[in-house]
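Please look over the chain shown below before reading the points that follow.

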Amino acid sequence: MHRVGSAGNTSNSTRPRKEKRLTYVLNDADDTKHCAGINCLAVWKPLAPDGHDYLFTGSRDGTLKRWELTEEAATCSATFESHIDWVNDAVLAGDNTLVSCSSDTTLKTWNCLSDGTCTRTLRQHSDYVTCLAAAEKNSNAVASGGLGGEVFVWDLEAALTPVSKSSDAMEEDCSNGINGSGNSLPITSLRTISSSNSISLHPTPPHGYVPVAAKGHKESVYALAMNDSGTLLVSGGTEKVVRIWDPRTGSKTMKLRGHTDNIRALLLDSTGRFCLSGSSDSMIRLWDLGQQRCVHSYAVHTDSVWALASTPTFSHVYSGGRDLSLYLTDLATRESILLCTKEHPILQLALHDDGIWAATTDSSVRRWPAEGRNPQKVFQRGGSFLAGNLSFSRARASLEGSTPVPVHKEPSFTIPGTPGIVQHEILNNRRHVLTKDTAGSVKLWEITRGIVVEDYGQVSFEEKKEELFEMVSIPAWFTVDTRLGSLSVHLDTPQCFSAEMYSADLNIIGKPEDDKVNLARETLKGLLSHWLTKRKQRFGSQSVANGEVASGKEISTRSITHSRMEIDGNAENDSMVYPPFEFSTVSPPSIITEGSQGGPWRKKITDLDGTEDEKDFPWWCLDCVLNNRLPPRENTKCSFYLQACEGSTVQILTQGKLSAPRILRIHKVVNYVVEKMVLDKPVDSVNPDGTFASGLPGGQSQHSAVGGDGSFRSGLKPWQKLKPSIEILCNNQAS
């Protein structure tokens with residue numbers, strides 16, 4: 001698990017930010033597919049005998065999806081969207097509760113049959129949450145582990161029981177615990193277990209449920225497993241040891257050594273007697289917890305083992321990992337066979353009847369024949385080998401060319417994903433981003449509308465980037481990353497308000513062509529137009545009358561703290577969204593906000609219903625769209641010199657430095673030149689073709705205007721008759 005700065009890593013970002021950030025994620029036109037690697041799987045078989053089976057998938061694109069499974073099809077019936085970073089693991093708890101964890105440091109709970117609405121956000125971890133474990137026969141117990149060396153055991157019944165808030169102060173003071181639907185929850189005492197196994201009781205905090213903390217790990221935790229009754233918990237990570245806990249108290253019971261590298265996968269049998277572990281040392285180990293020792297080692301893989309799944313009787317284990325291969329091993333006879341090998345590392349496995357689902361770093365999910373009910377059938381086909389007990393034995397066999405032949409060449413079923421974006425370039429016009437995905441397709445996105453405006457297919461990214469280069473200079477007003485497999489556009493104040501364009505350059509019909517348009521302000525209006533409409537319907541027109549927020553006290557307070565705030569004087573139609581800023585409703589982008597009391601969340605802009613807490617949005621964002629206020633701006637003028645082009649016989653028009661606004665349409669410079677050269681001249685000094693004839697070779701006047709920041713925009717318009725043809729050069733480029 002690599003730490004990468006992203007929208008999801010807001011709390012641990014190394015870049016200081018004074019104000020909260022607003023991010024929006026541009027979604028693919030086919031939202032029923034994942035667009036990044038699949039980190040986790042969970043098979044759900046509802047109690048109804050005639051019901052379909054379901055597969056839940058959690059992805060690096062930040063979402064989970066529910067697939068309705070039939071004999072020959074898998075249909076996406078819901079997308080669970082609220083996490084703001086990678087979904088790392090998901091488990092089923094009880095009859096219809098899905099629990100997920102993410103690199104955004106949270107756990108979230110969902111109703112399995114819902115339309116994808118998050119029912120609760122659980123906040124206690126200080127770093128990425130990497131793994132979960134649930135007790136099959138104890139629907140209340142769920143454990144979570146993360147990069148901070150933290151392991152927590154949650155009582156879902158206590159965690160998910162809402163109570164009314166006692167006061168506004170409670171909401172303001174709460175920084176951890178459970179959040180969702182604006183409700184705070186009761187707290188049980190936190191049992192903190194030290195490395196000496198002593199238990200210290202902390203005073204009961206007044207602001208929410210806190211889980212049992214199992215303290216003992218000094219480093220990151222990558223794997224957890226729990227027995228069916230929830231009385232035994234095992235954990236592993238970068239310390240290379242398997243730790244065993246009593247999840248009811250958080251106390252450590254034993255520590256097992258044997259692996260020589262990170263432990264990445266763990267399994268417990270239903271009774272809690274035997275434990276299987278997979279490690280980056282390429283070994284699988286079988287532990288007898290009663291004897292507190294390793295009873296078997298299996299050298300099956302040639303690289304890190306990242307995923308394990310066992311048959312119900314714990315007689316056979318399916319394993320996958322970094323070597324791209326899926327193996328089946330008989331734990332008693334040590335006989336092993338290669339089921340399949342593909343081009344992507346295997347991250348997690350889920351046995352489903354006679355097949356096994358494999359999650360990989362690819363956005364597609366594949367099901368392979370596995371004979372889960374009778375795995376011995378696979379060995380009858382031949383091609384098996386005896387697993388050694390030393391890790392180098394399989395590696396040596398691979399080098400000697402005796403690599404096993406896979407039983408299956410192709411999966412029995414594939415749930416396709418869409419290619420994720422792996423490369424991007426922000427173009428000079430600061431409205432378009434060029435991208436390349438894992439399939440090699442190059443596309444041009446318009447980030448102020450959230451759509452693909454051109455799909456170039458599989459062409460050279462570098463050549464297309466050069467082809468689209470424009471000699472324009474617009475301030476950088478947003479940043480982009482592709483960590484989620486799609487474009488995430490980040491807006492930070494006050495930088496995002498630095499870019500303006502003339503309405504003529506944006507082709508806005510009905511607006512004076514010399515009106516300046518603030519790109520961030522109009523983008524925010526487009527993003528929140530649905531929310532503003534719903535908010536107005538919910539609270540009435542008074543809530544947005546005169547641009548004032550009805551309940552947003554914080555906005556007014558924060559605004560006053562700034563000595564200077566600008567009112568956008570060009571915004572006569574505050575509620576109007578101009579065409580260049582209208583976002584797609586077919587594949588709408590998703591808003592990511594760092595939130596406030598309820599923690600960070602992500603939601604499609606068309607799913608915003610006006611009930612969202614205003615404190616969840618950055619105050620500067622609401623101040624912009626509701627109060628029409630922008631942050632103070634610096635360097636509002638740019639200076640330049642206007643000089644005759646080299647070789648021209650035209651006299652110098654001005655000796656001094658000229659100043660202009662941050663953006664300046666080139667025709668204004670041309671008009672200035674015309675005024676200086678022509679207005680005092682008689683009409684008969686102009687040729688019939690409209691060129692100035694006063695001793696200029698070729699009948700054309702060339703002047704060079706060198707801007708201090710080179711910020712002249714192209715946009716030369718046809719001139720009226722009887723005016724000279726003027727060409728302005730900026731850095732030797734015609735404007």
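The chain contains 10 helices and 52 strands, and the coordinates come from a predicted model rather than from an experiment. Of its 735 residues, 55% count as buried. When contacts between residues at least 6 apart in sequence are considered, 57% of them join residues at least 24 apart.

**Confidence and surface**

- The pLDDT averages 81 over the chain, and 77% of the residues score at least 70.
- Residues 163-176 form a stretch where pLDDT stays under 50, and for this stretch the model has 20 contacts beyond four places in sequence.
- The chain exposes about 31,700 Å², of which carbon and sulfur atoms supply 48%.

**An open sheet of four strands**

- Strands of a sheet pair through backbone hydrogen bonds, and this pairing may be either parallel or antiparallel.
- In this chain, 4 strands form an open sheet with antiparallel pairing, and their order is β17-β18-β19-β20.
- The edges of this sheet are β17, covering residues 221-226, and β20, covering residues 251-257, each of which pairs on one side only.
- From one strand to the next, the twist averages 20°.
- Strand β19, made of residues 241-246, pairs with β20 in the antiparallel sense over 6 bridges, and the bridge partner that I244 has in β20 is M254.

**Helix α9**

- Helix α9 is mostly covered, with 9 of its 9 residues buried.
- After α9 comes N628, which has a positive phi, near 60°.

- P618 lies in the loop between β44, which spans residues 601-604, and α9, which spans residues 619-627.
- Is P618 buried or exposed? P618 has a relative accessible area of 1%, and because this value is under the 20% cut-off, the residue counts as buried.
- Leaving aside neighbours within four places in sequence, P618 is in contact with K20, R21, L22 and T593.
- P618 and S596 are 22 residues apart along the chain, and their C-alpha atoms are separated by 9.2 Å.

Technical notes
Residues are numbered from 1 along each chain as its sequence is written. This is a predicted model: local features need pLDDT of at least 70, side-chain atom pairs count only at pLDDT 80 or more; totals for chains, interfaces and linings use all residues. Side-chain values use heavy atoms; hydrogens and water are left out. Helices (H or I, at least four residues) and strands (E, at least two) are DSSP runs, numbered from the N terminus. Buried means under 20% relative accessible area, exposed over 50%, partly exposed in between (1.4 Å probe, protein chains only). Contact means heavy atoms within 4.5 Å. pLDDT is the predictor's confidence in each residue, from 0 to 100. Accessible areas come from the Shrake-Rupley method with a 1.4 Å probe; for residues, only the protein chains shown count as cover. Two strands pair if DSSP finds at least two bridges between them. Axes are lines fitted to C-alpha atoms, for helices over the stretch in contact, and angles run from 0 to 180 degrees between N-to-C directions.
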